[in-house]
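Reader: Could you take me through how to read charged side chains and strand pairing in a model such as this one?

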Amino acid sequence: MPLAKHIVNLNEYDLTGTPEAFTDAITALATKTEAEGHRGVLRYSFYVDEQAGTAAANIVYADADAWIDHHKMVYDWPEMPAFQATVKLRRITFLGPFNQAMQDWLDGANIAVPITRIDHLAAGFER
């Protein structure tokens, strides 16, 4: 069942600049990801709450390898530091079969925020 292999990555952010700066930066990153990014990125959606000064991402990957390959790719793009300059990561949630290679990547990136992992798909479907 392919759905059981998906990695759903939910990120929560605090804005460090204006909502417009965030929107411009993530639009550039999303546009490049759609055109040139890893084909295992199945959904790439970012949201902003202008009043609260927060943002969130909901990204779905085909599997753990797609998550790793995507991150290795985009961290070499100039759009990524431009995006990161607009936010401060607050929390990460992973749904799906999180693995040691993902943990190793996070450790190497010095990610120092709370991380929640829920590994097993109990039920569901995909249309």
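**Charges and strands**

Author: Aspartate 49 is partly exposed, with a relative accessible area of 36%, where buried means under 20%, exposed over 50% and partly exposed in between (1.4 Å probe, protein chains only). This is a predicted model, in which local features need pLDDT of at least 70 and side-chain atom pairs count only at pLDDT 80 or more, while totals for chains, interfaces and linings use all residues. Residues are numbered from 1 along each chain as its sequence is written, and side-chain values use heavy atoms, with hydrogens and water left out.

Reader: How many salt bridges does a search of the whole structure find?

Author: In general, side chains of opposite charge can pair when their charged atoms come close. The criterion is a side-chain nitrogen of Lys or Arg within 4 Å of a carboxyl oxygen of Asp or Glu, and the search of the whole structure finds three salt bridges. One of them joins glutamate 12 to arginine 90, with the closest N and O atoms 3.9 Å apart; glutamate 12 lies in strand β1 and arginine 90 in strand β4 (residues 87-95), so the pair ties together parts that are 78 residues apart in sequence. Strands are DSSP runs (E, at least two residues), numbered from the N terminus.

Reader: Which strand does β3 pair with over eight bridges in the antiparallel sense?

Author: Two strands pair if DSSP finds at least two bridges between them. Strand β1 (residues 7-15) pairs with β3 in the antiparallel sense over eight bridges, and β2 is likewise joined to β3 by eight bridges, running antiparallel.

Methods:
Helices (H or I, at least four residues) and strands (E, at least two) are DSSP runs, numbered from the N terminus.
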